[in-house]
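Try each task yourself before you read its solution.

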Number of protein chains: 2
Amino acid sequence: MSVRAAVVVTGTEVLTGRVADRNGPWLAEQLRLLGVDVAHVVVVGDRPDDLRSALGFVAGTGVALVITSGGLGPTADDLTAEVVGGFQGRPLVLDAELEQRIGAVVERLMARRGWRADPRATAAGVRKQAMVPQGATVLEPVGTAPGLVVPPAGGQGPTVLVLPGPPAELQGMWDAAVAAEPTRRALDGREELRQETVRLWRTLEAQLAATLREHEDEFAGLEITTCLKDGELEIVTRYAPAAQPRYDRLAAVLAEEYRDTLFSTGPTLDDLVAVGFAERGLTVATAESCTGGLLAGRLTERPGSSAWVLGGVVAYANSAKEQLLGVPRAVLEEHGAVSPEVAVALADGARARFGADVGVGITGVAGPGGGTPEKPVGTVHLCVAGPDGHELRALRLPGSRSAVRERSVTQAMHLLRVLTVGGPPA
Amino acid sequence: MSVRAAVVVTGTEVLTGRVADRNGPWLAEQLRLLGVDVAHVVVVGDRPDDLRSALGFVAGTGVALVITSGGLGPTADDLTAEVVGGFQGRPLVLDAELEQRIGAVVERLMARRGWRADPRATAAGVRKQAMVPQGATVLEPVGTAPGLVVPPAGGQGPTVLVLPGPPAELQGMWDAAVAAEPTRRALDGREELRQETVRLWRTLEAQLAATLREHEDEFAGLEITTCLKDGELEIVTRYAPAAQPRYDRLAAVLAEEYRDTLFSTGPTLDDLVAVGFAERGLTVATAESCTGGLLAGRLTERPGSSAWVLGGVVAYANSAKEQLLGVPRAVLEEHGAVSPEVAVALADGARARFGADVGVGITGVAGPGGGTPEKPVGTVHLCVAGPDGHELRALRLPGSRSAVRERSVTQAMHLLRVLTVGGPPA
């Protein structure tokens with residue numbers, strides 16, 4: 001087993017689900033790239049005893065490195081520096097120069113944003129953020145909070161990297177944290193850990209389970225994990241370099257047995273679609289009803305997407321479908337807004353109004369209300385209109401409003417994948 | 001301290017960040033509503049030793065209940081039932097009737113979706129899912145995986161609820177899991193835990209820290225946590241019923257000292273905007289450039305939003321701004337696409353084209369490319385055009401492309417809040 005690490009995410013707002021943790025996953029991926037294997041991510045509230053017990057647990061699993069995120073702010077509930085210092089046998093001391101630097105940052109922040117602040121209050125918060133465990137390496141603040149590298153005072157146990165909670169601050173400090181001498185020492189002896197991904201569209205997990213069982217002996221030494229999300233079955237395999245021939249065998253078996261559904265041996269669906277549009281020099285426009293802009297939002301997530309995304313219309317009201325996209329009133333009246341005919345008219349309308357090569361139309365009943373016996377919640381019609389004609393899909397999707405909306409968008413992305421890069425049917 | 005619980009989320013796809021955990025937060029909130037306090041959420045990969053050590057840790061913190069999610073699928077990496085059974089001293093046994101019921105579900109699934117499957121493979125997966133710890137209570141599957149309530153064989157230690165990973169399945173099983181006799185026994189003796197939230201828009205955290213310090217003695221017994229996200233400072237306080245007068249005092253202090261920024265004593269920004277539109281009987285349409293449909297997507301997230309959202313245009317290309325929204329070419333040429341003038345024209349265009357009471361226009365440079373010295377990345381212009389005129393904002397937002405896009409949408413939501421329900425300035 002290579003060098004292992006653990007992540008401790010602090011913050012009652014994360015523990016109670018008010019804020020989604022984005023640091024644990026990001027840190028896990030960065031550590032993997034460094035050849036460090038993450039054993040546990042522990043989320044803990046702003047309570048010193050719970051944080052201490054979490055540190056005790058992960059230290060006891062034999063990890064070389066613990067990374068904490070959050071709890072470095074100016075309010076009294078931010079306790080990480082103090083608790084980690086205590087855990088590592090290093091009491092807090094004031095770093096006077098750091099205090100001045102943080103003070104200057106806070107002043108600039110307030111001036112720029114025109115925020116009101118009472119100087120005494122600001123000074124107390126700044127001082128709190130400048131209290132660091134004795135002997136720790138200070139990582140310069142990206143926002144107002146410094147990061148800390150805290151080796152154990154006694155030399156036994158993991159080194160703790162203390163990083164701020166806001167993802168931009170944590171990520172901005174990462175390179176310095178890894179380059180710090182105590183971190184490098186903790187990570188001595190790590191070895192490469194490879195990771196490969198295969199993606200299947202609409203394959204039953206039970207089928208894959210059987211394939212893997214059949215070849216169990218050949219695949220020993222591979223850590224294969226599967227995850228089904230939105231109709232995509234993702235197979236991620238992690239392995240030491242020595243197991244490369246075994247992975248090659250797995251890849252060959254999957255390519256053979258799942259040639260009808262295997263659409264990627266690496267890139268995500270969104271990667272494929274973006275590259276497909278860019279390479280073929282095509283443009284796209286959307287006309288969305290039930291998905292309310294989520295497809296346009298997903299297509300424009302990517303830097304540079306303005307080269308192929310011309311825009312879209314969210315046509316919730318029927319009048320918008322008529323006036324902005326030219327859906328004939330007669331079609332709406334005869335077939336209803338949720339119908340294959342309207343999906344085609346939406347796609348054609350988007351294509352024509354934006355002058356795009358490809359138009360996408362989506363109309364459906366996302367729920368929870370609005371369903372009828374003929375068109376229950378989850379009924380969705382999609383159409384992609386391209387240079388070579390129309391591709392249509394009629395879906396009956398299970399799940400909540402947000403599940404129906406997300407799955408519809410994913411299905412549309414697969415239609416765009418087939419149109420731009422080909423591969424198994426959408 | 002009331003009854004406590006811990007959550008153990010399993011799955012290498014969650015640990016490595018390929019899938020965001022939605023179960024930990026949801027479970028934490030459900031437990032809070034039951035008066036159960038969550039101490040830790042531990043995320044662990046599909047490795048039996050790591051799962052066992054996580055169970056050992058949370059059991060050692062003295063919790064009455066442990067809830068696991070995930071690891072109940074048909075593939076060999078799904079190990080939760082077996083590991084929990086071992087931990088609780090209950091070896092797995094085949095539940096033959098359950099096997100038949102799961103088999104019937106899988107057959108229906110395959111027939112409905114037209115998935116190919118080999119009967120031998122399916123049978124092996126079904127049998128695996130029907131192996132349950134001896135003496136455990138089986139919760140009927142919502143998908144294909146059953147849930148389990150597993151009390152400790154020896155009577156000592158927490159009861160473990162084993163729930164499936166897909167959020168819809170986990171949530172669909174929750175009421176039955178809580179109603180099961182061993183769960184109710186584990187939760188005996190819990191007491192009410194109150195939670196209140198106050199939201200400030202654009203307040204410096206250091207300022208709030210000072211206010212809380214000043215009144216430290218009066219607020220003893222309140223667990224106050226603060227979280228800054230997208231310019232909103234959220235203050236969540238948890239307390240026992242006996243501390244109600246202290247919370248009332250905190251609420252009064254905040255209302256007095258932050259009357260210029262306090263916009264909610266409970267509802268989220270999205271709640272306020274939705275209720276505002278519904279109660280005032282106003283309709284809205286959007287015209288988005290850099291946010292690419294995210295504002296429309298956010299406004300339509302809510303069931304029933306079709307009553308007030310007429311639709312929107314995502315006008316990425318300048319030609320789309322002209323043709324779909326009537327932005328005059330002269331304005332685009334004179335001021336550039338990213339300008340207050342174009343934001344106004346977008347808002348007016350959305351309002352006119354959709355026949356809406358309120359139009360929102362957003363144009364900006366989300367980055368990472370496209371910035372200039374005059375209009376660097378993060379420059380965003382917003383306009384809300386309503387029955388009483390225009391409200392404009394010019395922003396310089398820090399951070400990544402997605403941060404700029406999200407913050408722009410939040411700022412637009414605050415403008416809509418002020419227009420529909422009032423409160424402190426957006």
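**Exercise 1.** Find what share of the residues of chain A counts as buried in this predicted model.

*Solution.* Begin with the chain length: chain A has 426 residues. A residue is buried if 20 or more other C-beta atoms lie within 10 Å of its own. By that count, 52% of the residues of chain A are buried.

**Exercise 2.** Describe the fold of chain A through its secondary structure, its box and its contacts.

*Solution.* Start with the elements: chain A holds 16 helices and 17 strands. Next, take the principal axes; the C-alpha atoms of chain A fill a box of roughly 75 × 65 × 40 Å. Lastly, look at contacts with a separation of 6 or more: in chain A, 67% of them join residues 24 or more positions apart.

**Exercise 3.** Work out which parts of chain B touch chain A.

*Solution.* First, count both sides: 93 residues of chain A are in contact with 93 residues of chain B. On the chain B side, helix α9 (residues 205–214) gives the most, with 8 residues. Then sort that side by type: 47 residues are nonpolar, 29 polar and 17 charged.

Now turn to the strands. Strand β14 (residues 309–315) of chain A pairs with strand β14 (residues 309–315) of chain B in the antiparallel sense, over 5 bridges. Within this pairing, A:Ala315 stands opposite B:Gly311.

Notes: Residues are numbered from 1 along each chain as its sequence is written. Chains are lettered from A and ligands numbered from 1 in the order in which they are written. This is a predicted model: local features need pLDDT of at least 70, side-chain atom pairs count only at pLDDT 80 or more; totals for chains, interfaces and linings use all residues. Helices (H or I, at least four residues) and strands (E, at least two) are DSSP runs, numbered from the N terminus. A residue is buried if 20 or more other C-beta atoms lie within 10 Å of its own, exposed if 12 or fewer, and partly exposed in between; C-beta atoms are placed from the backbone. Two residues are in contact if their C-beta atoms, placed from the backbone, lie within 7 Å. Ala, Val, Leu, Ile, Met, Phe, Trp, Tyr, Cys and Pro count as nonpolar, Asp, Glu, Lys and Arg as charged, and the others, Gly among them, as polar. Two strands pair if DSSP finds at least two bridges between them.
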